Amino acid sequence: MKHQLLTMVIVLMSMLTAQAQVTGDWKGKLEVQGNALDMTFHITKDGENYKSTLDIPAQGASGLPMTETKFENNILTISFAQAGFSFAGELKGSEVIGKFKQGGMEFPLTLSKGKASKPGDTTLVSSKADLEKLIAFDKGNYAYKVEDYFAKPNSSAFQLSPNGKYISYREKDANNKRHVMIKEVATGKVVRAIEEKDELIRAMGWVNDERLVYIMDQGGNENYHLYAVNIDGKNNIDLTPFEDVQANILNMMKEVKDHIIISMNKDNKQVFEPYKVNIHTGELEKLFTNTDPANAIVDYDFDKEGKLRGYSKMHNGINTQYFYKANGKSDFELFGTGKWDDTFSILSFNYASKNPDEAYVLTNLDSDKARIILYDFGTKKILKEIYSNAEYDATILGISRKRNWEIDYVGFEGARVEIKPVSATFKKLYQKFSKEFPGYEYSIVGKTDEEDQYLVMVQSDKLYGRYYHLDAKSGKTTLLYDLMPQLKEGDMAEMRPITYKSRDGLTIHGYITLPKEALAGKKVPLIVNPHGGPQGVRDSWGFNPEAQLFASRGYATLQVNFRVSGGYGKEFLRAGFKQVGRKAMDDVEDGVQYVIDQGWADKDNIAIYGASHGGYAVLRGLTKTPDLYKAGVDYVGVSNIFTLLNSIPEYWKPYKEMLYQIWYNLEDTEEAAIAKEVSPLFHVDKIKAPLFVVQGANDPRVKIAEADQIVSALRAKGVDVPYMVKYDEGHGFHKEENQIEFYKAMLGFFRKHLN
């Protein structure tokens with residue numbers, strides 16, 4: 001019996017060892033008709049199932065998800081249905097020896113176990129010396145350096161504790177690490193609660209008077225972990241210690257002191273489920289199960305006590321269903337079905353009412369512009385309209401928890417944010433702030449539970465920001481901190497709202513930031529800066545460090561809220577569906593012509609720069625209107641719509657049909673043809689202007705393959721393309737040293753190519 005048991009253990013251990021050995025990174029060289037193609041498979045195990053992705057650097061492919069991955073009886077099998085290939089081989093030690101099959105042909109392929117050093121094709125990346133040469137072009141007697149705009153403030157992110165006894169803030173040290181500090185107001189004593197090390201602290205906030213939560217990922221991969229810590233730095237724990245899982249906060253639950261509600265894609269990478277977590281111990285309780293990835297739940301509505309009242313789920317990819325459990329009911333019932341871009345969402349339950357089914361709802365179901373209504377879920381009736389605006393979505397609602405949940409203010413964002421005070425208390429605050437800060441935008445960014453202390457942020461297009469502390473009892477306002485005192489308002493450029501008609505008659509809004517030379521009548525070089533997204537995102541009035549940096553070098557900056565941007569109603573949003581790279585780009589080009597017609601811009605000195613969708617717009621602009629731009633900077637931008645949509649993160653897959661509706665349906669022959677027409681990678685022969693490409697290696701949204709493939713294609717035709725990659729960043733650079741190097745290099749690039 002003992003011998004049989006030992007044999008079983010040996011067999012089991014050998015099986016586990018083989019399973020452990022097959023996970024990891026496997027490199028091979030495929031020889032096809034005299035050409036060698038490097039391939040790397042990344043194999044992981046999710047429960048009982050294997051998954052893998054493929055990198056082919058020479059083809060600009062990175063992170064391609066394989067259709068099927070199996071490991072049985074020591075045989076590894078991988079297939080990719082879309083490309084029609086498969087691989088099967090036997091695991092022998094640190095090698096898998098097998099055959100690669102495609103199109104009826106077979107090729108021997110041996111994979112060797114090894115760790116992929118860095119994502120993407122490292123041979124494409126520009127050397128430090130070459131980037132330094134680029135930086136050197138930015139010469140001149142300038143009043144401000146890049147660091148003046150992009151070095152993080154020495155102190156920032158101030159927050160009041162709920163009882164007002166403490167203020168938390170970020171403090172930067174000599175190594176650019178931004179630690180979280182806690183200051184006791186009465187004594188002035190300061191304690192470091194959280195030390196920032198290699199990974200950035202992405203966000204933090206108070207849960208109660210004794211404990212804070214904060215968020216970190218790894219190198220920008222967006223697999224966020226939530227941590228909790230005492231105000232003295234003790235009992236610092238990872239609340240979500242799971243690999244390849246993204247966690248987010250759903251409800252901070254002021255009424256439930258020791259818990260918060262979070263969401264995670266822990267059990268299925270494609271869907272997020274809510275959990276109640278103890279912030280002292282990390283103990284988790286799943287509150288609802290999301291079992292259908294094809295029709296995933298995408299939003300949960302919890303009340304202040306942590307009770308789940310309703311949820312929204314995708315239906316057939318492009319519709320949204322809302323389920324609600326009315327008071328006294330035992331289960332959730334389907335409340336209604338609409339398009340994914342219809343708005344019907346709870347801003348807050350009306351806790352001032354005795355009716356628990358009353359809620360303030362943001363909706364555009366029966367209107368073009370979103371409006372705020374008071375709604376009764378029990379009777380399914382609108383009780384009254386709270387606020388609306390004829391031109392813009394009305395989305396701002398402020399409520400006082402202290403004063404029995406009365407409405408303090410409502411508002412919307414048009415050319416600027418506009419607030420309408422409602423309560424008597426807030427009317428007094430509004431009058432006070434308007435008198436003390438005329439011409440500025442001001443917002444309450446923090447207050448105590450008793451509302452006896454407030455933190456107020458004051459900003460403008462020329463002021464980065466100042467924190468003020470208001471003692472409500474005395475009425476005294478005190479300057480707490482000036483975030484960027486080195487930037488003098490009188491030296492900063494004006495950001496001016498603009499409005500014009502598109503070539504097909506739509507009203508388009510945007511902003512132009514004008515250096516003093518332009519205000520003096522000189523036609524200056526123009527940098528066109530399309531925003532990311534593209535759907536539902538918009539540019540806003542306020543201090544923009546990029547635009548101010550460009551203005552310091554004599555460049556104007558144009559920002560256009562093209563069709564599909566948010567805030568202008570659902571018809572304006574829908575007008576941009578399936579117009580990415582087409583009419584959305586027309587709107588940008590019409591904005592350029594408008595600026596030229598105003599006499600601000602030199603038509604022969606125009607560059608284009610953008611990030612994410614904005615980076616795509618750069619590449620599309622250089623291929624669509626190659627004679628318009630003298631230079632372009634593509635920052636984490638899309639070069640190929642096919643590879644973008646075929647390599648989305650797992651948790652985006654429930655939204656794939658929605659993405660097809662915004663971009664193009666790649667499974668429809670006609671739309672796929674349009675997608676190819678507007679994918680810059682297929683039209684590199686049209687690019688005339690110099691291009692600078694910038695990428696975060698760990699970007700989960702726009703993979704490094706998007707950058708690699710455009711750089712490789714342009715260099716193949718002899719174009720010199722500077723290429724900056726940071727291997728500790730994701731979708732955009734967040735580390736101070738990386739940001740500063742990027743902006744220095746971009747200024748050098750523009751100085752080299754713009755007159």
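In this predicted model, the protein splits into five parts: domain 1 (1-113), domain 2 (134-147 + 490-753), domain 3 (154-251), domain 4 (291-422) and domain 5 (437-485). Domain 2 is written as two segments, 134-147 and 490-753.

Strand β5 (residues 68-72) runs antiparallel to strand β6 (residues 75-80), and five bridges hold the pairing. Within this pair, F71 sits opposite L76 of β6. Two residues lie between the strands of the β5-β6 hairpin, where N73 has a positive phi near 50 degrees.

Another positive phi turns up at N235, a residue other than glycine, with a value near 50 degrees. N235 belongs to the loop that connects β16 (225-230) with β17 (237-238). Most residues other than glycine have a negative phi, and most peptide bonds are trans. The backbone also has a cis peptide bond, between G533 and P534, with omega at about 5 degrees. P534 is found in the loop between β39 (524-528) and α6 (545-552).

As for charged pairs, the structure holds 54 salt bridges. One of these joins the side chains of E210 and K257, at 3.4 Å from N to O. Because E210 is in the loop between β14 (203-206) and β15 (211-216), and K257 in the loop between β18 (247-251) and β19 (259-264), this pair ties together parts that are 47 residues apart in sequence.

Two open sheets deserve a look. In the four-stranded one, the order is β26-β27-β28-β29 and the pairing is antiparallel. Its edges are formed by β26 (344-349) and β29 (381-387), each of which pairs on one side only. From one strand to the next, the twist averages 35 degrees. Strand β26 is joined by five bridges to strand β27 (residues 358-363), and the two run antiparallel. In that pairing, F344 has T363 of β27 as its bridge partner.

The other open sheet has eight strands in the order β37-β38-β40-β39-β41-β42-β43-β44, with mixed pairing. At its edges stand β37 (494-501) and β44 (723-726); each has a single partner strand, so one side of each is left without a neighbour in the sheet. Neighbouring strands are turned against each other by 20 degrees on average, direction ignored. Inside this sheet, strand β38 (residues 507-514) and strand β40 (residues 556-561) run antiparallel and are joined by five bridges.

Contact between them involves eight residues of domain 2 and seven residues of domain 5. The size of an interface is often given as the accessible area lost when the parts come together. For domain 2 and domain 5 the buried area is about 690 Å², with carbon and sulfur atoms giving 63% of it. On the domain 2 side, M492, W541 and F543 supply 72% of the area buried against domain 5, more than any other three residues.

How values were computed. Residues are numbered from 1 along each chain as its sequence is written. This is a predicted model: local features need pLDDT of at least 70, side-chain atom pairs count only at pLDDT 80 or more; totals for chains, interfaces and linings use all residues. Side-chain values use heavy atoms; hydrogens and water are left out. Two strands pair if DSSP finds at least two bridges between them. Axes are lines fitted to C-alpha atoms, for helices over the stretch in contact, and angles run from 0 to 180 degrees between N-to-C directions. Domain bounds come from an automatic or database domain assignment. Contact means heavy atoms within 4.5 Å. Buried area is the accessible area (1.4 Å probe) that two parts lose on being put together, summed over both. A salt bridge is a side-chain nitrogen of Lys or Arg within 4 Å of a carboxyl oxygen of Asp or Glu.
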